Amino acid sequence: MRHLISTRELSKKDMMEIWDIASEIESKRLHKSSWCLLEGKTVTLAFFEPSTRTRLSFQLAAKRLCANVLPTVGEEALSLAKGESFHDTVMVLDELSDVLVIRHWMEGAAKYASEIAKHAIVNAGDGRNYHPTQTLIDLYTVKKRFGTIDGLSFALVGDLRYARTAKSLLMALTKFNVKSIYIVAPPQLKPHPWIVEELRRNNVRVFETDNLNEIIGMVDVLYVTRIQKERIPDPAEYEKLRGSYRVTLELVKRGKSDLLVLHPLPRLDELDYEIDSTPHAGYLEQVRVAVPVRMAALAWSYGVV
Amino acid sequence: MRHLISTRELSKKDMMEIWDIASEIESKRLHKSSWCLLEGKTVTLAFFEPSTRTRLSFQLAAKRLCANVLPTVGEEALSLAKGESFHDTVMVLDELSDVLVIRHWMEGAAKYASEIAKHAIVNAGDGRNYHPTQTLIDLYTVKKRFGTIDGLSFALVGDLRYARTAKSLLMALTKFNVKSIYIVAPPQLKPHPWIVEELRRNNVRVFETDNLNEIIGMVDVLYVTRIQKERIPDPAEYEKLRGSYRVTLELVKRGKSDLLVLHPLPRLDELDYEIDSTPHAGYLEQVRVAVPVRMAALAWSYGVV
Amino acid sequence: MRHLISTRELSKKDMMEIWDIASEIESKRLHKSSWCLLEGKTVTLAFFEPSTRTRLSFQLAAKRLCANVLPTVGEEALSLAKGESFHDTVMVLDELSDVLVIRHWMEGAAKYASEIAKHAIVNAGDGRNYHPTQTLIDLYTVKKRFGTIDGLSFALVGDLRYARTAKSLLMALTKFNVKSIYIVAPPQLKPHPWIVEELRRNNVRVFETDNLNEIIGMVDVLYVTRIQKERIPDPAEYEKLRGSYRVTLELVKRGKSDLLVLHPLPRLDELDYEIDSTPHAGYLEQVRVAVPVRMAALAWSYGVV
């Protein structure tokens with residue numbers, strides 16, 4: 001049994017293992033029986049924060065592994081309305097579950113849960129902190145397209161400070177020999193300096209810019225994130241920021257011919273709909289591989305693979 | 001793969017096909033294994049509007065077909081809270097699903113979704129527009145009772161303008177050789193003139209009245225609908241209307257001996273509880289056949305039958 | 001088919017039967033196939049009041065019995081928003097279900113439902129009235145620990161007037177030859193006199209006290225309940241009460257060496273966290289056995305065992 005808490009704690013070997021399982025699951029689509037790795041087991045989805053695609057793809061992943069799925073959504077449903085502590089909620093859900101998937105608005109919630117629980121905890125996003133299965137999906141999509149992660153150049157655009165998807169991805173990239181990372185964000189949305197230092201300590205060349213046009217020709221993967229309204233207190237500032245980092249079809253066309261555009265979704269208007277029908281769009285592939293990658297992550301975490 | 005969007009687009013042949021499957025499913029109740037027409041497939045229920053019986057019976061129908069069911073309820077859960085467009089929500093759910101069942105408060109939502117999705121869309125009600133599986137259930141109940149739909153006389157009572165169940169039923173009846181249709185509604189709740197014209201163009205004799213007593217002796221099927229509070233802006237007018245079209249046991253007793261009373265439910269006080277225990281009551285049969293008919297509709301839409 | 005409405009109506013024989021099944025289920029954990037007692041059947045969870053552990057453990061219990069589970073949560077989802085009567089909601093859900101599990105804020109709701117439904121009703125808590133499966137879990141935990149219920153001494157602490165778990169337990173204890181029951185509650189939270197009379201009529205020695213220290217050495221089972229905020233109108237009074245009946249590790253250590261501490265959960269601060277890691281803590285065992293006991297109750301109620 002292994003907790004899956006953050007991309008900081010996951011090694012490159014761990015990630016490669018999970019991707020190998022995901023790849024096998026993808027190739028065996030027609031051999032349903034071999035998927036039932038969690039038959040008779042219970043996977044509980046404790047989502048203390050609203051979510052669609054993460055919850056649904058975990059739910060589908062667990063069902064495809066033949067697990068019983070307990071989907072609990074919302075704090076009210078989670079009995080906190082009656083004043084129960086997070087400690088007790090985890091303790092109780094842990095008794096009912098073989099794997100406990102937790103999404104929480106509080107940084108560190110999954111880590112704290114892993115100290116209480118006897119069964120595997122999978123972090124499905126904790127506040128502004130980590131969202132490791134999203135990163136596993138992101139990089140699996142990259143690996144499927146390019147055959148490798150090492151040697152590639154990435155640009156990350158948008159909110160790189162408050163978006164846990166961006167933080168998780170940057171931290172995971174410290175484990176690979178990527179060529180360069182371009183940080184494209186306004187000053188207040190740049191990643192925390194310690195993350196950039198961590199990247200540089202791992203010999204990644206990191207460039208900071210606020211001009212996408214200058215660097216678009218040099219990148220293999222363009223990772224776009226939504227500027228999260230709920231993370232920016234001032235509405236006026238939010239409006240200004242969301243306008244300034246739009247990725248258009250015109251921009252994408254000036255990039256490499258095999259440029260891969262990723263987005264963890266949902267998007268607002270930071271990513272043009274016109275890109276959807278081009279081969280550059282990788283975000284539907286991200287949705288598509290989410291289920292096999294999360295199947296692999298659940299099975300890996302439970303310890304059957 | 002076939003979308004199931006409206007009773008306008010469904011042909012008589014389509015409906016007969018779906019009913020044949022439903023009938024076969026009903027007769028094979030004990031042979032569970034033969035039902036697993038959607039084994040390993042995913043049916044997603046995207047309900048942007050609250051619903052009990054429709055959602056539950058779709059959920060049960062999909063489960064009985066051995067599908068994985070992803071029940072997503074509510075706009076918040078559907079990530080629209082984060083500002084995602086309906087387009088993107090459909091695009092993402094479509095990636096995860098083999099059949100996507102949509103209920104939405106917006107007329108045309110299912111149709112629009114069918115233009116985005118690669119998989120089958122089933123309309124579970126779009127605003128004041130269509131609710132085709134309800135009509136399939138309604139007419140299947142009629143066919144089970146009378147062996148036919150052709151040659152029968154129908155009276156529709158209540159809100160025939162804003163209730164999508166009434167609109168869907170009237171539109172479906174244009175495809176059959178029914179004898180007569182009695183429209184029993186106050187002026188502001190009469191069906192749109194183009195629907196009545198469509199009926200007449202298809203050689204259905206349509207009579208409009210606001211007096212149920214006069215025509216009760218001539219009808220085979222009495223279809224009662226709730227006057228939908230949420231569709232009538234003025235509360236005073238609503239109170240007046242709901243009182244004026246009550247169907248009582250006394251009224252029903254003055255009808256034909258094999259009069260069939262249908263109601264899509266939920267009811268308020270437009271239909272007396274005393275009728276429940278008489279052989280005239282067909283609304284529990286509607287609830288009962290909802291699951292096999294929706295199983296048939298899902299299987300038909302997915303394309304396995 | 002048998003309704004399971006209250007511990008008043010359940011006989012000692014009924015309870016013993018259910019526990020025998022639960023015990024068999026527990027011992028057969030590895031033989032999954034033999035659990036499928038409700039294969040192809042539908043269990044609907046109609047929860048008109050929020051709940052986590054009860055709903056989740058019923059859901060898991062039903063799934064482990066291989067039933068199709070329809071989880072409906074909340075009044076809005078239950079179509080009451082459209083003005084439907086409880087009568088009609090039950091009538092409709094009954095058509096779709098083989099067993100209907102109901103939680104409701106209204107005393108008597110499950111009983112009323114059992115008069116409408118053709119299928120088995122299981123009460124999952126009706127207002128301040130009964131919560132029979134919780135009592136079955138509580139006493140099963142006692143029986144597992146001590147091998148018997150007869151001859152033991154119980155202390156019940158906290159809110160013994162408004163908590164349905166306490167009322168249900170006291171009523172169930174009238175069916176056994178327990179030695180003594182200590183009622184530890186402030187005057188306004190003492191049980192209704194008729195329950196105490198019922199206990200005494202069944203030859204149970206009942207002592208009332210508000211001092212836990214005096215009696216802790218004489219009890220085998222200490223049953224602690226939350227003082228339910230939502231049941232005490234005055235916030236100031238609530239604060240005073242919740243402070244006065246705390247069960248501490250120090251207190252527990254002064255009890256018998258095999259003292260069993262039970263709590264239906266969720267807890268606020270009436271039960272010290274320090275007790276969790278001692279052998280006295282039985283509340284996690286309660287959570288653990290909740291699933292097999294509810295499996296047994298569902299199967300018993302449906303009538304397959």
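This is a predicted model: local features need pLDDT of at least 70, side-chain atom pairs count only at pLDDT 80 or more; totals for chains, interfaces and linings use all residues.
| Helix pair | Residues | Crossing angle | Axis distance |
|---|---|---|---|
| Helix 3 and helix 4 of chain B | 86-96 and 109-116 | roughly 60° | within 10 Å |
| Helix 2 and helix 11 of chain B | 53-64 and 283-302 | about 65° | 8 Å |

Helix 3 of chain B and helix 4 of chain B cross at roughly 60°, and they are therefore oblique to each other. Their crossing is right-handed. On the side of helix 3 of chain B, the contact is formed by B:F86, B:H87, B:V90, B:M91 and B:D94, while helix 4 of chain B contributes B:A109, B:Y112, B:A113 and B:I116. Sorted by class, the residues of this contact comprise seven nonpolar, one polar and one charged.

The crossing of helix 2 of chain B with helix 11 of chain B is likewise right-handed. Helix 2 of chain B takes part in the contact through B:R53, B:T54, B:S57, B:F58, B:L60, B:A61, B:A62 and B:R64, and helix 11 of chain B through B:A290, B:V291, B:R294, B:M295 and B:L298. In this contact, eight residues are nonpolar, two are polar and three are charged.

**A covered strand in chain C**

Strand 1 of chain C spans residues 42-47 and is mostly covered, with six of its six residues buried. Which residues point each way from strand 1 of chain C? C:T42, C:T44 and C:A46 point one way, whereas C:V43, C:L45 and C:F47 point the other way, and all of them are buried.

Strand 1 of chain C runs parallel to strand 3 of chain C, residues 99-104, and five bridges join the two. Within this pairing, C:T44 of the one strand stands opposite C:L100 in strand 3 of chain C.

**A buried histidine in chain A**

The residue A:H104 belongs to strand 3 of chain A, which covers residues 99-104. Is A:H104 buried or exposed? The relative accessible area of A:H104 is 3%; buried means under 20%, so A:H104 is buried. Which residues are in contact with A:H104, leaving aside its neighbours within four places in sequence? They are A:F48, A:E49, A:F86, A:A109, A:G125, A:D126, A:G127 and A:R164.

Notes: Residues are numbered from 1 along each chain as its sequence is written. Chains are lettered from A and ligands numbered from 1 in the order in which they are written. Side-chain values use heavy atoms; hydrogens and water are left out. Axes are lines fitted to C-alpha atoms, for helices over the stretch in contact, and angles run from 0 to 180 degrees between N-to-C directions. Helices (H or I, at least four residues) and strands (E, at least two) are DSSP runs, numbered from the N terminus. Angles under 35 degrees count as roughly parallel, over 145 as roughly antiparallel, 65 to 115 as roughly perpendicular and the rest as oblique. A crossing is left-handed if the near helix is turned anticlockwise from the far one by less than a right angle, and right-handed if clockwise. Contact means heavy atoms within 4.5 Å. Ala, Val, Leu, Ile, Met, Phe, Trp, Tyr, Cys and Pro count as nonpolar, Asp, Glu, Lys and Arg as charged, and the others, Gly among them, as polar. Buried means under 20% relative accessible area, exposed over 50%, partly exposed in between (1.4 Å probe, protein chains only). Two strands pair if DSSP finds at least two bridges between them.
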